[in-house]
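We will go stop by stop.

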Amino acid sequence: MTELRQHAESIQAQFSDQLDITVEEVQTRLETLVNDYKVPAEEARRSIVSSYLDEAGMDRDQLGGGGNDLVQVADVDQDEQWIDVRAKVVDLWEPRSDAISQVGLLGDESGTIKFVSFTTSDLPELEEGAVYRLGNVVTDEYQGRYSVKLNRTTSIERLEEDIEVGDDATEVEGALVDIQRGSGLIKRCPEEGCTRVLQNGRCSEHGEVEGEFDLRIKGVLDDGTDVHEVIFNQEMTEELTGIALEEAKQMAMDALDTSVVADEMKADVLGVYYRVRGPTLGRYVLANEFERLGPVDPEAALIKARSM
């Protein structure tokens, strides 16, 4: 099923009680905007929803979820799916862009998932610790990691109940033996909803942009039998290395070279045993917490290597 067909089915379901419209009619309108006028699919969807709201004499807050499946967050495994979720706001983070109203973590009995609410959606803010039924959210995927995006058509219903959030974390440990390319001080795309890392000042989707600085470590833990690839986000990287974002930017400015940041980080963290805990997405463990276990013992490591 194409993206536009999914949008059309979702829109038709939302207005099926108020307007006599077919999925085919909605899809034709979407195709005209996207194919003939080169309007992005999400913006075309918003435009058509607004048009139907006017036609039906409805306010946006009257718009419900529209017959989507109620999905547990651990079962989100496809991109661009329109779903409903019942979840608790586990954590709220500071948005990195003015385009983002709220960003944080939702959780239900199956686990947790990131959510983003955009400023242009003009939605009421979610409260940390509260439980909501969120209708008509759309799934998103980037580098194997899934999230949900709240949009102008999302319905928000606060529930007077609690949820015991499930633990979907993985725990790995080993010596940090490598920091991969793309670590240290990086730049991300500033476009709304995009967090892709820039390569030579270009985003793979949005082209040449003025990026926003971020910190990241893509590391390899070796436990002597298996290797585990882990990603430390800005918060975890700052805690792991003791280098804050502003300090890293100053280091790069002084040297006229961003690679000095990763080099400095390597000197402090390589050859040390860590225990890392977080969800597994794709081939990476995303570090939500870590524990420093101590430096590698060269003699013990040599004995173990000889016995293998």
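**Stop one: helix α6**

Select Val261, Ala262, Met265 and Val269: these are the buried residues of α6. Buried means under 20% relative accessible area, exposed over 50%, and partly exposed in between, with a 1.4 Å probe and protein chains only. The four span an arc of only 95 degrees around the axis, which puts them on the same side of α6. That arc is taken from the directions from the helix axis to the C-beta atoms. An α-helix has 3.6 residues a turn, so residues three or four places apart point the same way.

This is a predicted model, in which local features need pLDDT of at least 70 and side-chain atom pairs count only at pLDDT 80 or more, while totals for chains, interfaces and linings use all residues. Residues are numbered from 1 along each chain as its sequence is written, and side-chain values use heavy atoms, without hydrogens or water.

Helices (H or I, at least four residues) and strands (E, at least two) are DSSP runs, numbered from the N terminus. Now step just past α6 to Gly271, where phi is positive, about 80 degrees.

**Stop two: α4 against α6**

Show residues 234-241 (α4) and 259-269 (α6): their axes come within 10 Å and cross at roughly 55 degrees. Axes are lines fitted to C-alpha atoms, for helices over the stretch in contact, and angles run from 0 to 180 degrees between N-to-C directions. The two helices are therefore oblique to each other. Angles under 35 degrees count as roughly parallel, over 145 as roughly antiparallel, 65 to 115 as roughly perpendicular and the rest as oblique.

Select Thr237, Leu240 and Thr241 on α4, then Met265, Asp268 and Val269 on α6; they make the contact. Contact means heavy atoms within 4.5 Å.

**Stop three: helix α5**

Pick Leu245, Ala248 and Ala252, the buried residues of α5. Seen down the axis, they fall within an arc of 60 degrees, so they line one face of the helix. Their cover includes β8 (184-188), β11, α4 and α6. Turn to the face away from the buried side for exposed Glu246, Met253 and Asp254. Leu256 follows α5 with a positive phi near 55 degrees.

**Stop four: the cores**

Which residues have the most contacts inside the largest nonpolar core? Select Phe232, Tyr274 and Val276; the core has 24 residues. A nonpolar core is a set of buried Ala, Val, Leu, Ile, Met, Phe, Trp, Tyr and Cys residues joined through side-chain atoms within 4.5 Å. Apart from it lies another core of 18 residues, including Val73, Ile83, Tyr132 and Val137.
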